[in-house]
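The following report walks through selected features of the structure shown below, moving from single loops to the wider fold.

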Number of protein chains: 2
Amino acid sequence: MNGPLKVALLGCGTVGSAVLRLLQEQSGDLAARIGRPVEVAGVAVRRPQHHPDVPADLLTTDAHALVTRDDIDLVVEVIGGIEPARSLMLAALESGKSVVSANKALLAEDGVALHAAAAKAGVDLYYEAAVAGAIPILRPLRESLAGDQLSRIVGIVNGTTNYILSRMAETGAGFGEALAEATDLGYAEADPTADVDGFDAAAKAAILASLAFHTPVSAADVHREGISTVTATDVSRAAEIGCTVKLLAICERVTGEDGNESVAVRVHPAMIPTSHPLASVGGAFNAVFVEAEAAGQLMFYGQGAGGEPTASAVLGDLVAVARNRVTGAAGQGPSGYADLAVRPMDETPTRYHVSLDVADKPGVLAAVAQEFAQHGVSISTVRQTGRGDAATLVIVTHSAPDAALSATIAALREMPAVRGVTSVLRVEGLS
Amino acid sequence: MNGPLKVALLGCGTVGSAVLRLLQEQSGDLAARIGRPVEVAGVAVRRPQHHPDVPADLLTTDAHALVTRDDIDLVVEVIGGIEPARSLMLAALESGKSVVSANKALLAEDGVALHAAAAKAGVDLYYEAAVAGAIPILRPLRESLAGDQLSRIVGIVNGTTNYILSRMAETGAGFGEALAEATDLGYAEADPTADVDGFDAAAKAAILASLAFHTPVSAADVHREGISTVTATDVSRAAEIGCTVKLLAICERVTGEDGNESVAVRVHPAMIPTSHPLASVGGAFNAVFVEAEAAGQLMFYGQGAGGEPTASAVLGDLVAVARNRVTGAAGQGPSGYADLAVRPMDETPTRYHVSLDVADKPGVLAAVAQEFAQHGVSISTVRQTGRGDAATLVIVTHSAPDAALSATIAALREMPAVRGVTSVLRVEGLS
């Protein structure tokens, strides 16, 4: 066994400290699995005085100097965010270091450029921890399913929103109340925008779609809606039709009428049947449901966040890139050969659940049904419940272009017989 | 792009023909993903006249000549069984061909020798399809979790027995009736021994344990009990305590009283709580539940058998070994560096559920409890239901060495106050 492989760690927050601890605790096992010991040679942080547990001689504030140091073999980036992470990762790759990252935002924004830098330098860029924490999903997509054709990925990839929606379903609370509870318990950040508005899930969706469909997809390509507009009524309406509300990241291969294939990537809240394997994924857990032509349906389930689970994924990647360093190989980067077009949300087929308060008089159902028909939307089920002079209509549509569905909803709101549109949510996973 | 990589296919049954079809249908995609086209250069079968769909010039009955042919790069073995598969795989590896196999029985019996041959020749031996069909589980264990410490794997890895047990739970049928139904529907083979008696699951458990614990484990090391002794009473007793009966493959790292670590690997029917993620894995589906120190709980779910799902796993491996061939690298084989002892079943900690018919008179419960205590087994819960002069005792124990539990059961059968031991099954997954 030769001398140790030297690792530079960028960032030492929750994930970084877990990585450091595990590297130390498991040094013997890791050396045996890699074929050489691994040694942390430097830890770049902004405020060294905040890290009394890290040996002082390892700490530095000059991250750029650290990642370009000649003796460094591997760089672990757990700073997060776009800058300075991007410049540091590019500098590391260009200096011939393999990089392991947990940075979903950066990979989703600039993955193509980062992969190009890795390929040019003949080094590895791995980021299993960026999507769904400890759950092995990127490697299975890139490798295990490399001989199959993926048709669809539906993921619960954000624990904060899943916790909030789970609590809304359990307690009947509204969004605001459930968010306040999540914040109190530390499941939501003080500024919950990235989670609640779907930015975090959209970044993960972009990464999943890129790998699944061999097509560069960036966060800007992802249609994104958050959960702040989900109401207690939406949640109870979902229960009435045997569904539950989840924030889903959906990546699909769609064949257009012209026979051309494209990919549709979107994040939005949706009703799914309680019998669907994703429906029982509760609290802060994550799960990714995959449909492939030959493999059929697969699901990957586990902890999507937290220091230790994320560190597990980082270390798995670290072992992989370290092994490659030892054998002189570099893993193949993801291929973008298919380079499919990204389908706009308006043209993406979806299904809607719509609840309407209407006047209970003859002809109203016919008029409502006519409005759907005029927009080319066919109805799957209607349930009408009368109460006095009013009635509730609960409609689930068949699949139609999303624009036709939203235009139908807009038109319904203008109908005199419709007193209110009380709940509109997309429905996924119905057969 | 250079000339095609040439593949020899050994066996052309359900899985083999699916592999052939997918290789043809996806040739463009596979070439793009690998960097070179892949071409089937020969198909070895026993009776060529039974394969009218395969081009005649590819068919051969001389498998040995095929796998040692100079122009062959990769060998796919889907014959199954020990011989001639073993000799052919060894010949292929020794001739410098990388091998992809779906052969759980052979890998579980002779994995060490096969891996040694692959390492000596500097080629790859991959077999994702051998465990849980299409579900990516071996690659996540070998790579994604390579930086973590696995503590436990609990898998439903045999679809036939899972179908039979699911039907027993749904219909109240006994084992024989459910097996007959499974046979009629093609879910069970004419000779169901390999499935029903747990041989298939034991082979998979050996493979999982070897990779998870970096320790050579063969099928002979696995404690194995099948499901033919599971009764309708067992299934209804399980339901009464909020559990369901599954055939489980369990691989554990056990720390003995001396502080030494060992691995315990076993296959047997067990009750698990209906709230456990594995409990809802129904019918012919498979799932593998993994516990790791940092990653926490993970579950992998999907189709465990069938031509297309198994072929998906074979092709994923084929792409991996083909990429390695193109880049000149060879994947690292599994490491056996930890080389832990295999713990005998008698010394493996388990928990039991026991249902007893007893005389309903004072002192019986005390006498029964005393019997457990004498064997050093502590009781977790007891439920006593009286009916006339008889009572039913339902006991769930805490964890104890399996031998102590089975000795307790034997002693209970001898107690005058015990009229019958109506159900004994191990319990897993209780907190």
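This is a predicted model: local features need pLDDT of at least 70, side-chain atom pairs count only at pLDDT 80 or more; totals for chains, interfaces and linings use all residues.

In chain A, Pro84(A) lies in the loop between strand E4 (74-77) and helix H4 (85-94), and the peptide bond from Glu83(A) to Pro84(A) is cis, with omega near 5 degrees.

Ala132(A) counts as buried because 33 C-beta neighbours lie inside 10 Å. In chain B, Ala132(B) likewise has a positive phi of about 60 degrees without being a glycine, and it is found in the loop between strand E6 (125-126) and helix H6 (138-144) of that chain. Ala132(B) has 33 C-beta neighbours inside 10 Å and therefore counts as buried.

## Helix H4 of chain B

The buried residues of H4(B) are Ala85(B), Leu88(B), Met89(B), Ala92(B) and Leu93(B). Because they cover an arc of only 130 degrees around the axis, they are on the same side of H4(B). The elements covering these buried residues include strand E1 (5-10), helix H3 (63-67), E4, strand E5 (98-101), helix H5 (104-121) and E6 of chain B. Just after H4(B), the backbone reaches Gly96(B), which takes a positive phi of about 85 degrees.

## The nonpolar core

In soluble globular proteins, nonpolar side chains tend to be buried together. Here the largest nonpolar core has 289 residues, and those with the most contacts inside it are Val19(A), Val314(A), Val19(B) and Val314(B). Leaving aside residues up to four places away in sequence, Val314(A) touches Val15(A), Val19(A), Val76(A), Val78(A), Val100(A), Ala102(A) and Ala129(A).

## Overall build of chain A

Chain A has 14 helices and 19 strands. Its radius of gyration is 24 Å, close to the 22 Å that the globule rule gives for 431 residues, so chain A is as compact as a globular protein of that length. Along the principal axes, the C-alpha trace of chain A spans about 85 × 50 × 30 Å.

Of the 431 residues of chain A, 52% count as buried. Among the contacts in chain A with a separation of 6 or more, 74% are between residues 24 or more positions apart.

## Domains and their contact

The domain assignment divides chain A into domain 1 (5-133 + 307-327), domain 2 (138-304) and domain 3 (345-427). Between domain 2 and domain 3 of chain A, the C-alpha centres lie 25 Å apart, and the contact takes 14 residues from domain 2 and 12 residues from domain 3.

Which elements of chain A each supply at least two residues of the side of domain 2 that touches domain 3? They are helix H11 (232-240), strand E9 (243-255) and strand E10 (261-273), with E10(A) giving the largest share, six residues. By class, this side of domain 2 of chain A has eight nonpolar, three polar and three charged residues.

Key
Residues are numbered from 1 along each chain as its sequence is written. Chains are lettered from A and ligands numbered from 1 in the order in which they are written. Domain bounds come from an automatic or database domain assignment. Two residues are in contact if their C-beta atoms, placed from the backbone, lie within 7 Å. Helices (H or I, at least four residues) and strands (E, at least two) are DSSP runs, numbered from the N terminus. Ala, Val, Leu, Ile, Met, Phe, Trp, Tyr, Cys and Pro count as nonpolar, Asp, Glu, Lys and Arg as charged, and the others, Gly among them, as polar. A residue is buried if 20 or more other C-beta atoms lie within 10 Å of its own, exposed if 12 or fewer, and partly exposed in between; C-beta atoms are placed from the backbone. The radius of gyration is taken over C-alpha atoms; the globule rule is 2.2 Å times the number of residues to the power 0.38. A nonpolar core is a set of buried Ala, Val, Leu, Ile, Met, Phe, Trp, Tyr and Cys residues joined through C-beta atoms within 7 Å. The arc is that of the directions from the helix axis to the C-beta atoms.
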